[in-house]
Amino acid sequence: MKLTAENIQFIDNYLKNSEVIYYDIRMEMLDHVATAVEQKMEAENLDFYDAFKSYMVTNKKEILKGNKEEGLYFKEPLKKFVLFSIQPIQILLAIGIFSIVYFFSNIYGLNVYSNYLYLFIIITYLIFGISHFLLTKRKKFYYIDRNFSIIFLLFQIANPLHRNANENLVTFVVFNSSILFVFFAFLRFYYLEMKSFKQKNRFLFQ
Amino acid sequence: MKNSQLYKGSLNTIIMKLLEEQGRMYGYEITQKVKGITKGELNITEGALYPALHKLEAEGLLDVEIEKVDNRLRKYYKLTEKGATETVNRLAELEEFIKNMQTIVNPKLSY
C-alpha cells in the first residue's frame with residue numbers, strides 16, 4: 001500500500017519537529033520510515049496513523065540516531081580538504097601566492113600591506129558567508145554545512161597566531177602566504193564540492 | 001544489531017558485499033535483505049546503518065543516486081570502482097578472520 005503525498009508530508013513534519021534540520025539527512029530518514037510504514041500497513045492491515053505510531057514507538061530512538069552522526073563534525077571533509085590542498089595545481093598556487101606576498105611586502109612594508117591583506121580577506125569571507133547563507137536559507141544540508149565548518153576551524157587556528165607572525169619579514173611572508181593559500185584553496189574546494197553535490201543531488205534542490 | 005560487538009566490525013563489509021551482488025540498494029532495502037538472508041537473526045539498526053553508509057560514501061567507496069519514488073526521494077547506494085576493489089580485499093580479510101576464529105573456537109574442525 002503506497003503512502004499519499006499528505007502522509008509523506010506528515011512524516012516530514014514529524015521529523016522536522018524532532019529537530020532533524022538537515023534536508024539531506026531528513027529525506028533519507030523519511031524514505032526509510034515511509035517504506036517501513038507501508039510494509040507494516042500491508043502486513044498488519046493497519047491504517048497509516050496506526051502503522052506510523054506503532055513503528056515509531058519501537059524505532060524512533062534508532063531512527064533519530066542518524067541525526068547525530070558519529071565522530072567529529074568536520075573530520076571527513078577536513079581530511080578531503082587536506083588531500084585536495086596537496087594536489088600539484090595547488091602547489092603551483094602556493095608558490096604564486098608566496099611570490100606575490102614576498103614582492104609586495106618588500107615594496108610597501110609590512111604594516112601597510114598587512115592592513116590591505118586582512119581587509120581583502122575579510123571582504124571575501126563576508127561575500128562567501130553571505131552566499132552560503134543565501135544558498136542554504138530555505139533548506140539546510142548537512143554535507144554543505146560540514147564543508148563550510150572547515151573555514152571556522154581554520155580561522156580559529158590562524159587568529160591567535162597572526163600577531164606574533166607579523167614581527168619580521170620571514171614569519172610575515174610565510175604566515176600570510178599560508179593564510180592566503182589555505183583561504184583560496186578552501187574557496188575552490190567549497191565551490192567544487194558544492195558543484196558535485198548539486199549535480200549528484202539535483203532532486204534535493206527542486 | 002544482534003551481538004553488536006561481534007558484528008560491528010563487519011558491518012561495512014556486509015554492506016559492500018550486498019552492493020557487489022545487487023548493484024545498487026537503498027537503506028531500508030539493505031536492512032531487509034540482511035534480515036532475510038539471516039532468517040531474522042541479524043538485524044541492522046538504522047542508527048548503525050546510515051552513519052556507516054555515509055562514511056563509506058565520504059571515503060569514496062560508495063556513490064549515490066537520488067530518484068523520485070512514490071511521492072518521496074530515495075537515495076540509492078552503489079560501489080565505486082575503488083569500492084569494488086576494496087570489497088574484494090575486505091572479503092578476503094573477513095574470510096581469513098573467520099578461518100582463524102574457526103581454528104581457535106573449534107580446533108578439530110579445522111583439520
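This is a short walk through a model with a chain A and a chain B, starting with chain A and ending at the contact between them. Keep in mind that the model is predicted.

Chain A first. What does chain A contain? It has nine helices and zero strands. Read from the N terminus, the elements simply run α-α-α-α-α-α-α-α-α. Now the overall form. The radius of gyration of chain A is 24 Å. The globule rule gives 17 Å for 206 residues, so chain A is more spread out than a compact globule. The C-alpha trace spans about 80 × 30 × 25 Å along its principal axes. Of the 206 residues, 25% count as buried. Then the contacts within chain A. Take those between residues at least 6 apart in sequence: 70% of them join residues at least 24 apart.

Next, the domains. Chain A is divided into domain 1, residues 5-65, and domain 2, residues 75-205. Their C-alpha centres lie 40 Å apart. Where the two domains touch, domain 1 of chain A gives six residues and domain 2 of chain A gives seven. What classes are found on the domain 1 side? Five residues are nonpolar, none is polar and one is charged.

On to the core. In general, nonpolar side chains in soluble globular proteins tend to be buried together. Here the largest nonpolar core has 39 residues. Which of them touch the most other members? They are A:Met29, A:Leu30, A:Val33, A:Ala34, A:Val37 and A:Leu180. Several helices of chain A give two or more residues to this core, among them α2 (23-44), α5 (88-108) and α9 (169-200). Why does the core lie between the domains? Because domain 1 and domain 2 of chain A both give residues to it. Look at A:Val33 up close. Leaving aside residues up to four places away in sequence, A:Val33 touches A:Ile11, A:Tyr55 and A:Ile63.

One more stop in chain A. A:Ile121 sits in helix α6, residues 110-135.

Now chain B. Here we do find strands. β2(B) and β3(B) pair in the antiparallel sense, over eight bridges. Within that pairing, B:Leu62 has B:Leu79 in β3(B) as its bridge partner. The hairpin of these strands has two residues between them, and B:Asp70 takes a positive phi near 45 degrees. Strand β1 of chain B, residues 24-26, also pairs with β3(B) in the antiparallel sense, this time over three bridges. There, B:Arg24 is partnered by B:Lys78.

Last, the contact between the chains. How many residues does each chain give? Chain B gives 19 residues and chain A gives 25 residues. On the chain B side, the elements with two or more residues are α3 (27-37), α4 (46-58), β2 (62-69) and β3 (72-79). Which element gives the largest share? That is α4(B), with six residues. By class, this side of chain B has eight nonpolar, five polar and six charged residues.

Terms used
Residues are numbered from 1 along each chain as its sequence is written. Chains are lettered from A and ligands numbered from 1 in the order in which they are written. Helices (H or I, at least four residues) and strands (E, at least two) are DSSP runs, numbered from the N terminus. Ala, Val, Leu, Ile, Met, Phe, Trp, Tyr, Cys and Pro count as nonpolar, Asp, Glu, Lys and Arg as charged, and the others, Gly among them, as polar. A nonpolar core is a set of buried Ala, Val, Leu, Ile, Met, Phe, Trp, Tyr and Cys residues joined through C-beta atoms within 7 Å. A residue is buried if 20 or more other C-beta atoms lie within 10 Å of its own, exposed if 12 or fewer, and partly exposed in between; C-beta atoms are placed from the backbone. Domain bounds come from an automatic or database domain assignment. Two strands pair if DSSP finds at least two bridges between them. The radius of gyration is taken over C-alpha atoms; the globule rule is 2.2 Å times the number of residues to the power 0.38.
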